[in-house]
Amino acid sequence: MKYKRLTKEQFEELHQEFATFLATQSIDKKEWDTIKTNTPEVAEQQLDVFSDLIWDNVLTNAQYLEHFSKNHIFLFHCQEKLIESMVIKSLVTDVDFMAKEGMVWLSDNLFTETVEMHLGKKEYQEERNAAIFNLITEGAILSDGQLYVQISTIIQ
């Protein structure tokens, strides 16, 4: 597998897409049931191939990622050839960016000595989708980029 298998819940959400995927291989429900029973290893391979297709599509379309921890916010803008990052760190240890109050505090203190901000960019060291997938496995989530764009606009 290139990425990781989708969860049971994700497969349930993508039931129709999976049925279409099987249909493109001329596998109907009856045949799928037979495959699962008689050759489970083939069924496992089909689940893996479908998972990789879904991940590839999601990762190809990913533009922004976010990763929040108590005192840090990591924002990423995933471009074609490089990734830009914005790291925001609270120097006040009791601020919690994972709580609404922490975000309010950030908006009030963004340009004070209690907040450190680091900007960076680098070319992907590996294939773009693999790099984005690695960030997701480390805790980043897909984002609409609203926070990244807001802060980027403010600091420029």
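Tutor: Gladly. Strands β1 and β2 run antiparallel and are joined by five bridges; strands pair if DSSP finds at least two bridges between them. Strands (E, at least two residues) and helices (H or I, at least four) are DSSP runs, numbered from the N terminus. This is a predicted model, in which local features need pLDDT of at least 70 and side-chain atom pairs count only at pLDDT 80 or more, while totals for chains, interfaces and linings use all residues. Residues are numbered from 1 along each chain as its sequence is written, and side-chain values use heavy atoms, with hydrogens and water left out.

Student: Which residue is the bridge partner of F68 in β2?

Tutor: The partner of F68 is I73. A hairpin of three residues joins β1 to β2.

Student: And how many bridges join β2 to β3?

Tutor: Seven bridges join them, and the two strands run antiparallel. H72 stands opposite K89 in β3. A hairpin through three residues joins β2 to β3.

Student: Why is β2 described as largely enclosed by the rest of the structure?

Tutor: Five of its seven residues are buried, so β2 is largely enclosed by the rest of the structure. Buried means under 20% relative accessible area, exposed over 50%, and partly exposed in between (1.4 Å probe, protein chains only).

Student: What is the order of the strands in the sheet?

Tutor: The sheet is open, with five strands in the order β4-β3-β2-β1-β5 and antiparallel pairing. Its edge strands, β4 (115–123) and β5 (141–143), each pair on one side only. Neighbouring strands are turned by 25 degrees against each other on average, direction ignored.

Student: How many bridges are there between β1 and β5?

Tutor: There are three, and β1 (residues 64–68) pairs with β5 in the antiparallel sense. Y64 has S143 in β5 as its bridge partner.

Student: Which strands does α5 touch?

Tutor: Helix α5 (residues 100–109) packs on the sheet and touches β1, β2, β3 (82–90) and β4. Its direction makes about 90 degrees with that of β4. Contact means heavy atoms within 4.5 Å. Axes are lines fitted to C-alpha atoms, for helices over the stretch in contact, and angles run from 0 to 180 degrees between N-to-C directions.

Student: S107 lies in that helix. Is S107 buried or exposed?

Tutor: S107 counts as exposed, because its relative accessibility is 57%. The C-alpha atoms of S107 and I151 are separated by 9.6 Å, although these residues are 44 apart along the chain.

Student: Turning to the helices, at what angle do α3 and α4 cross?

Tutor: Their axes cross at roughly 120 degrees and come within 5 Å. That makes α3 oblique to α4; angles under 35 degrees count as roughly parallel, over 145 as roughly antiparallel, 65 to 115 as roughly perpendicular and the rest as oblique.

Student: Which residues meet there?

Tutor: W32, I35, K36, T37 and N38 in α3 meet P40, V42, A43, Q46 and L47 in α4.

Student: Finally, which residues touch the most other members of the largest nonpolar core?

Tutor: They are F18, W32, W55, L59, L65 and I132, in a core of 26 residues. A nonpolar core is a set of buried Ala, Val, Leu, Ile, Met, Phe, Trp, Tyr and Cys residues joined through side-chain atoms within 4.5 Å. Another core, of 14 residues, lies apart from it and includes I73, M86, I88 and W105.
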